[in-house]
Amino acid sequence: LAGLLLGVAALGRPNLLLPAVVLAGWLWRHGRQGWKPGPAMAWLLLAGVGAGILPATFHNLKYGELVPVSANLGQNLVAGHSDWADGISAIPVGARWDDLQLQARQEGNQGLGPASRMFTRQAIRWMADHPGRTLQLLGKKVLLIVNAREGRNNINPRWMAEEEGVLLMARWWPGTWLMLPFAVVGLVWTRRSAAGDPASRRMLMWFLLAAALAVLPFFVNARFRLPLLPVLAMFAGAGALYLWEGWRGGRTRDLALPLVALGLMFILVNVDWFGLGHDRWLARDHFNQGTAWLRDYGDREADPARAEKSFRRAIELDGEDVDHHEQFGAFLLMEAQPLLGERIARESRGDQQGAARLFNRAMTLLGEAQIHHQRATELFPRSTRSWFNLGIARLWLGDLQVALAEAHLAVGDREA
């Protein structure tokens, strides 16, 4: 049953397969339950894991590839080991994600499996070429994995809920900020406790260590850390019970060192070492909100004005994100396109004043679109979409300038 649940969980978090293998290895060597020897228990666990992931494996086979769960290993390794890796952020859907697909096609790796293996080799080469930066990122990720601040994902439902006035209990819920300090006490000072099964305790420690190590090669955020919390909760409970029983039993002298460790861990865990609480990290949320405002949802119509406000706020908070400039530039092109046709229609009806207003508005939009697409190509020169849209902006600006020149010539001819 434990193996089956681990297998099902691995469908969403494939890095849980490493703790599952570690558990099987521990059971092979140390496990025994009645008539079942360790190897039998290990095979039962692995059989449960296999049963949990087989539906995904069979589904993937329909598309011609043997991919047990997912084929994102290489992409996630690149997210954690590349020139722009920060140890926190995933590769967002946008210019960089499109470029990964382009790289795979250019190298002739059309399938998901071959592409993942290509990116795995690419990440390993980068680590070999940048050992100092690799160690720096590893140290940062170790600190992040024990920090109360959550490394954001591409989508931040909590921020969107707060924007809509939803009351969330997450900030008071006993997460890493509370459990980890007490878990350290439980891990260090309850080893010789008579309560509980020492073998089970060691097994849980191995699982916890393997689950943490399975995160570090990639990037650290909430979705990868979450499987650690249930096991941390057990050790946190043991640590809290140890302190409570020591206080009630009058063993205050024995509690001095555990209480110092508890206090130091509270500081280590709850200080925002990397500024994850800074508004800059909300830029992607404003960007996502702008994208949402461009679409109809149910009886709610799209609102381009609010979308523009959100895009501008995203760029204000983080002007170094290629997707912010690319998406906002595309939005400006989309706003300018109908104005071009409407301007011609008004001119044909003789509404020169209305046509002039539309002309000026279109010129402003296209000029700004050109600036943002130009900036996107500077931030990420392999963004093919940005280069294409930059060409469109320049083409339409050229058409308007030609129209303006023709109008001036026509006025000059009439005056002559």
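In which helix does Leu264 lie?

Reply: The model is a predicted one. Leu264 belongs to helix H13, which covers residues 256-270. With a relative accessible area of 54%, Leu264 is exposed, because the limit for that class is over 50%.

Leu264 is also part of a nonpolar patch on the surface. The other members of this patch are Leu257, Val260, Ile267, Val271, Trp273 and Phe274, and together with Leu264 they have about 660 Å² of accessible area.

Helix H13 leads on to the open spaces of the model. The largest pocket has a volume of about 1,100 Å³. Of the 35 residues that line this pocket, Ala148, Arg149, Glu150, Asn156 and Arg158 are the closest to its centre. H13 is one of the elements that give two or more residues to the lining, the others being helix H8 (157-163), helix H9 (176-189) and helix H11 (222-225). The element that gives the most is H8, with four residues.

A search of the whole structure finds one cavity of 30 Å³ or more, and the volume of the largest cavity is about 30 Å³. Its lining is formed by Asn15, Leu16, Ala211, Val215, Phe224, Pro227 and Leu228.

The twelve residues of H5 (residues 95-106) should span 16 Å at 1.5 Å a residue, and the end C-alpha atoms are 16 Å apart, so the two values agree. The buried residues of H5 are Ala95, Asp99, Leu100, Leu102, Gln103 and Ala104. Just after this helix, Gly108 adopts a positive phi of about 80°.

A loop position may also be considered. Ser70 is placed in the loop between helix H3 (38-61) and helix H4 (73-80). Its relative accessibility is 37%, so Ser70 counts as partly exposed. Along the chain, Ser70 and Arg13 are 57 residues apart, and their C-alpha atoms are separated by 9.4 Å.

The charged side chains complete the account. The structure holds 14 salt bridges. One of them joins Arg313 to Glu316, with an N to O distance of 2.9 Å. Both residues lie in helix H15 (residues 304-317), three residues apart, which is about one turn of the helix. Arg313 is partly exposed, at a relative accessible area of 29%, whereas Glu316 counts as exposed at 60% relative accessibility.

Another salt bridge is formed by Glu378 and Arg375, whose closest N and O atoms are 3.3 Å apart. These two residues are three apart in helix H17 (residues 352-379), and so are separated by about one helical turn. Glu378 is partly exposed, with a relative accessible area of 46%; Arg375 is partly exposed as well, with 27%.

A salt bridge also links Glu342 with Arg349, where the closest N and O atoms are 3.8 Å apart. Glu342 is partly exposed, at a relative accessible area of 31%, while Arg349 counts as exposed at 57% relative accessibility. Glu342 and Arg349 are linked with Arg346 and Asp351 in a network of salt bridges.

Methods
Residues are numbered from 1 along each chain as its sequence is written. This is a predicted model: local features need pLDDT of at least 70, side-chain atom pairs count only at pLDDT 80 or more; totals for chains, interfaces and linings use all residues. Side-chain values use heavy atoms; hydrogens and water are left out. Patches are made of residues with over 30% relative accessible area and no salt bridge: like charges are joined within 9 Å, nonpolar side chains (Val, Leu, Ile, Met, Phe, Trp, Tyr) within 5 Å. Accessible areas come from the Shrake-Rupley method with a 1.4 Å probe; for residues, only the protein chains shown count as cover. A salt bridge is a side-chain nitrogen of Lys or Arg within 4 Å of a carboxyl oxygen of Asp or Glu. Buried means under 20% relative accessible area, exposed over 50%, partly exposed in between (1.4 Å probe, protein chains only). The expected span of a helix is 1.5 Å times one less than its number of residues. On a 1 Å grid over the protein atoms alone, a cavity is a set of points where a 1.4 Å probe fits but cannot get out, and a pocket is an open set with protein on both sides within 12 Å along at least five of seven lines; lining residues have an atom within 4 Å of a point. Grid points are joined across faces, edges and corners, and a volume is the space filled by probe spheres set on the points.
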